[in-house]
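Please work through each task with the sequence and the structure at hand before reading its solution.

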Amino acid sequence: MAEIYSEPYHLKISELIDLNHNRDIWEFDAFEDGRNLAKIIGEPPEYPLHFSVQNDFNEWWVVLKGSIRISIDSDQEIFAKSGDIIRIPSGNHEIQFTTNLDPCVRLVVTLQGSEQVINTEEIENSSQSRYFSKSTNTTHISLDDVINEFENSPWTSTILEDERNRANLICHNPGMSNNPHWHPAFHEWWTILKGSLTWEVGDNRPIIHAEKGDLIFVPKGFLHKITTVSDETSLRLAITTPEDLHIYTTDDDYAPPPKS
Ligand SMILES: [Fe+2]
């Protein structure tokens, strides 16, 4: 059972994979943030899944390791590799999903206790009427395509947005830090898609060192400074609410002090 952590939390994806090395299929509930349940799912090579899903929310996945082929409602098959994002819009959908030649690990951002219904039984009649949710967000976000859009780093791109979440992809240069700030109203979390970074959270706490694939969760109220320590540019996906109020330490004398 996942929980909303009251302290900063670091999930090292390599340790989680090591822990599950003798299992073909595994699942780990990482945390909740008050809006989402973030879980990690591991699947073996060439693993086929065929299921129907009834979502009352937008679910999305980030491929952390390996690659997948996926078709939603018999649309053209999508090939998604490490760093790519798949978005399954709310509504009823038929999903065909296969991992490729390597084991696959993916982050699934879903909703605990929702009205989601998954039926993994063989779907006899794929022509049954279905409800399609329309949205401006695309189904497949290719990390390579996003990177190729921008010639010069640093940059930030909002790549997912709905009533629950905003996901910003942030590219920073080696040695670069964000402007330290904190959020009074929501927990923020990140998944690392490239490079290595450090998180300095609160006061006098050990620095968190995060690598590609890792998840970092910082509860609301904690000041956070994020620095790229790799020799290459870093990429991180930052998950906030759509109203992402920031309080910077230098510009708001009236704000309450951040947690230490
Ligand atoms: Fe933040």
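**Exercise 1: Positive phi angles**

Asn204 is exposed, as 5 other C-beta atoms lie within 10 Å. The terms used for burial are defined by counting other C-beta atoms, placed from the backbone, within 10 Å of a residue's own: buried at 20 or more, exposed at 12 or fewer, and partly exposed in between. The model is a predicted one, in which local features need pLDDT of at least 70 and side-chain atom pairs count only at pLDDT 80 or more, while totals for chains, interfaces and linings use all residues. Residues are numbered from 1 along each chain as its sequence is written.

Solution. Strands (E, at least two residues) and helices (H or I, at least four) are DSSP runs, numbered from the N terminus. Step 2: although Asn204 is not a glycine, its phi is positive, about 55°. For background, most residues other than glycine have a negative phi, and most peptide bonds are trans.

**Exercise 2: A cis peptide bond**

Task: Which residues does the cis peptide bond join, and where is Pro154 placed?

Solution. Step 1: the bond joins Ser153 and Pro154, with omega about 5°. Step 2: Pro154 is in the loop between helix H2 (143–149) and strand E13 (155–161).

**Exercise 3: An open sheet**

Task: Give the strand order of the six-stranded open sheet, its edge strands and the pairings of E16.

Solution. Step 1: the order is E1-E19-E16-E21-E14-E13, with antiparallel pairing; two strands pair if DSSP finds at least two bridges between them. Step 2: E1 and E13 are the edge strands, each pairing on one side only. Step 3: from one strand to the next the twist averages 20°. Step 4: E16 is joined to strand E19 (residues 215–218) by four bridges, with Glu188 opposite Val218. Step 5: five bridges join E16 to strand E21 (residues 234–240), and Lys194 stands opposite Leu235. Step 6: E1 and E19 pair over three bridges, Leu11 having Leu215 as its bridge partner.

Task: Why is E16 described as largely enclosed by the rest of the structure?

Solution. Seven of the seven residues of strand E16 (residues 188–194) are buried, so the strand is largely enclosed by the rest of the structure.

**Exercise 4: Contacts and confidence**

Task: Which residues does Ile4 contact, leaving aside neighbours within four places in sequence?

Solution. Step 1: Ile4 is found in the segment before strand E1 (9–11). Step 2: its contacts (C-beta atoms, placed from the backbone, within 7 Å) are Phe31, Glu32, Asp33, Gly34 and His187. Step 3: Ile4 counts as partly exposed, with 13 C-beta neighbours inside 10 Å.

Task: What is the mean pLDDT of the protein, and where is the pLDDT below 50?

Solution. Step 1: the mean pLDDT, the predictor's confidence in each residue from 0 to 100, is 88, and 88% of the residues reach 70 or more. Step 2: the pLDDT is below 50 over residues 122–136, a stretch with 14 contacts in the model beyond near neighbours in sequence.

Conventions:
Contact = placed C-beta atoms within 7 Å. Axes fitted to C-alpha atoms, helices over the stretch in contact; angles between N-to-C directions.
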